[in-house]
Amino acid sequence: MAEKDLKSFEKLFKELFKPLCGFSLKYVRDLDEAKGLVHEVFVSVWEKFDTLPADINYHSYLYTSVRNRSLNFIRDRKKHVQFENVAEHELTEANSPFETVELEREIEMAIHSLPEKCRMVFELNRVEGLTYAQVAEKMSISIKTVEAHMSKALSVLREYLKEFLSILIFLVIL
Amino acid sequence: MQDDLIIRHLTGETSAEEENQLLIWRTQLPENERYYNGMKEIFALSSKHYSQRTNEQLNINVDEEWGQFVKTITKKVTPVRPIIPESPFRLWLKIAAALLVVVVSGVVINYIVFRKTDIQFQTADQTLSITLPEGSIITLNQHSQLSYASTFGEKNRNVSLKGEGFFEVKRDVQKPFVIKVEQGTVEVLGTSFNVQSYDHRKEIEVTVQTGSVRFSVPETKREVKLTAGQKGIYSKTEQSLIGEPNDDLNFLSWNTRKIVFVESELESVIETLNETYQVNIVLPADIPKTCLVTVTFDHQTLEAVLNVLRTTLNLTYTIKGNQIEITRVGC
């Protein structure tokens with residue numbers, strides 16, 4: 001494979017390896033397993049690297065792959081120790097009645113499935129705490145566009161978190 | 001939609017005039033307010049739970065991992081498989097090996113199945129009270145089945161239920177009591193509750209009398225925690241799991257033979273009687289269903305109950321085979 005491809009792949013790898021491990025960890029709850037799964041995903045993406053469309057959203061693609069692999073991993077593990085994970089459940093429930101981890105990973109998945117610009121706007125506003133005007137300036141776009149990206153982000157989040165929302169509302173009724 | 005406005009408000013970008021505009025919109029319709037609250041909740045959740053900072057605590061050296069990655073992809077050479085025509089002898093060997101696998105796995109499965117679920121109770125037209133080795137008491141409703149392994153209580157307390165049962169579970173924090181039903185699992189420490197999971201029913205219901213219960217449906221990754229006076233309903237068709245306050249006073253009637261009606265509509269009265277006595281009383285469409293009934297029965301026969309309804313509601317019925325049809329209601 002071409003040398004320059006490896007260079008651009010390195011950038012992608014270094015940007016996302018750690019966050020993806022953190023994401024996988026929310027499923028498999030074991031750092032070594034998470035790292036292993038993320039490695040597998042990167043290897044399989046690398047193998048397909050030159051055949052993937054040029055405009056592919058790598059965030060979304062990688063997060064989806066890691067999520068699928070993590071889910072398969074848990075499913076296979078469950079088959080082996082069917083009842084032991086009851087205890088594992090117990091641990092998470094001590095913190096909150098409904099699994100916060102589950103919620104966190106849905107949010108993470110939702111955010112990384114956003115179009116790239118949209119995700120950047122959302123992160124600058126929500127994580128970095130920039131105002132619409134500051135985000136607009138930093139990304140050289142108009143405030144109206146920032147607004148449109150924020151709306152899009154929230155509507156995608158709403159779609160992903162719909163089920164949690166109904167559970168939360170139910171909690172309020174109680 | 002008002003999305004832009006709501007989000008501007010949530011991010012603190014609104015002007016005073018826009019704030020006013022939003023307030024008016026919210027008060028116009030209850031669903032506007034609900035919509036707003038949903039958005040607010042989502043917004044708060046996404047800000048609270050989404051932070052990339054937590055990843056910084058992870059003990060990962062990205063440069064090292066990259067080195068390892070490069071090693072993996074350079075080492076990886078697609079193996080070349082030699083193409084050798086299969087000899088007849090090899091084919092027979094394969095068949096023999098396959099047969100051996102079938103026989104051996106049959107023996108193993110047999111061993112596992114018969115060792116693990118060798119105690120089973122099945123009811124027909126009667127109810128049955130079972131005391132488990134560790135002291136928990138289970139009452140099985142009619143046409144129900146309970147099974148557990150002979151190793152029950154050694155490492156865990158796992159049972160399987162088909163149909164309906166009332167559980168009074170002895171407390172043991174070390175070994176949670178786990179009930180597997182068709183699609184869900186009910187897990188408890190020590191408490192009493194009713195589980196209804198008949199194959200022919202569209203819903204699985206768990207009603208808690210004392211203590212607390214966790215009801216989970218692994219297939220859909222849903223779970224609810226239920227406490228005394230609540231019930232969890234899993235809909236098999238919609239794959240939804242909800243918890244709600246239990247307003248059915250008679251959820252244990254099949255066991256206690258005590259039935260309480262407080263201003264209950266005739267339709268729900270009939271439903272309760274059908275469940276309690278496992279009969280088939282039918283209320284034709286042209287009969288008013290909204291007559292209110294207030295009465296308590298304690299260990300009464302179905303005949304006695306029908307007698308009371310006949311005189312209080314001025315009702316008549318006919319018996320056709322195993323079906324009882326209401327023919328007239330005078331309220």
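How many residue pairs are in polar contact between chain A and chain B, both at pLDDT 80 or more? The count is 9. The model is predicted. Chain A is helical, with 8 helices and 0 strands. Chain A and chain B bury about 5100 Å² between them.

**Chain A fold**
- Along the sequence, chain A reads α-α-α-α-α-α-α-α.
- Chain A has 174 residues, and 49% of them count as buried.
- Take the contacts in chain A with a separation of 6 or more: 65% of them join residues 24 or more positions apart.

**Extent of the A–B interface**
- The size of an interface is often given as the accessible area lost when the parts come together.
- Chain A brings 55 residues to the contact, and chain B brings 47 residues.

**Polar and charged links**
- Chain A and chain B share 4 salt bridges.
- A:Lys35 forms a salt bridge with B:Glu65; their closest N and O atoms are 3.3 Å apart.

**The chain A side**
- Helices H1 (3–28), H2 (31–48), H4 (85–93), H5 (100–112), H6 (116–126) and H8 (143–173) of chain A each give two or more residues to the side that touches chain B.
- H8(A) provides the largest share, 12 residues.
- By type, this side of chain A divides into 30 nonpolar, 10 polar and 15 charged residues.

How values were computed
Residues are numbered from 1 along each chain as its sequence is written. Chains are lettered from A and ligands numbered from 1 in the order in which they are written. This is a predicted model: local features need pLDDT of at least 70, side-chain atom pairs count only at pLDDT 80 or more; totals for chains, interfaces and linings use all residues. Side-chain values use heavy atoms; hydrogens and water are left out. Helices (H or I, at least four residues) and strands (E, at least two) are DSSP runs, numbered from the N terminus. Buried means under 20% relative accessible area, exposed over 50%, partly exposed in between (1.4 Å probe, protein chains only). Contact means heavy atoms within 4.5 Å. Buried area is the accessible area (1.4 Å probe) that two parts lose on being put together, summed over both. A salt bridge is a side-chain nitrogen of Lys or Arg within 4 Å of a carboxyl oxygen of Asp or Glu. A polar contact is a pair of N or O atoms within 3.5 Å; within protein, one must be able to donate a hydrogen and the other to accept it, and residues adjacent in sequence count only if both atoms are side-chain atoms. Ala, Val, Leu, Ile, Met, Phe, Trp, Tyr, Cys and Pro count as nonpolar, Asp, Glu, Lys and Arg as charged, and the others, Gly among them, as polar.
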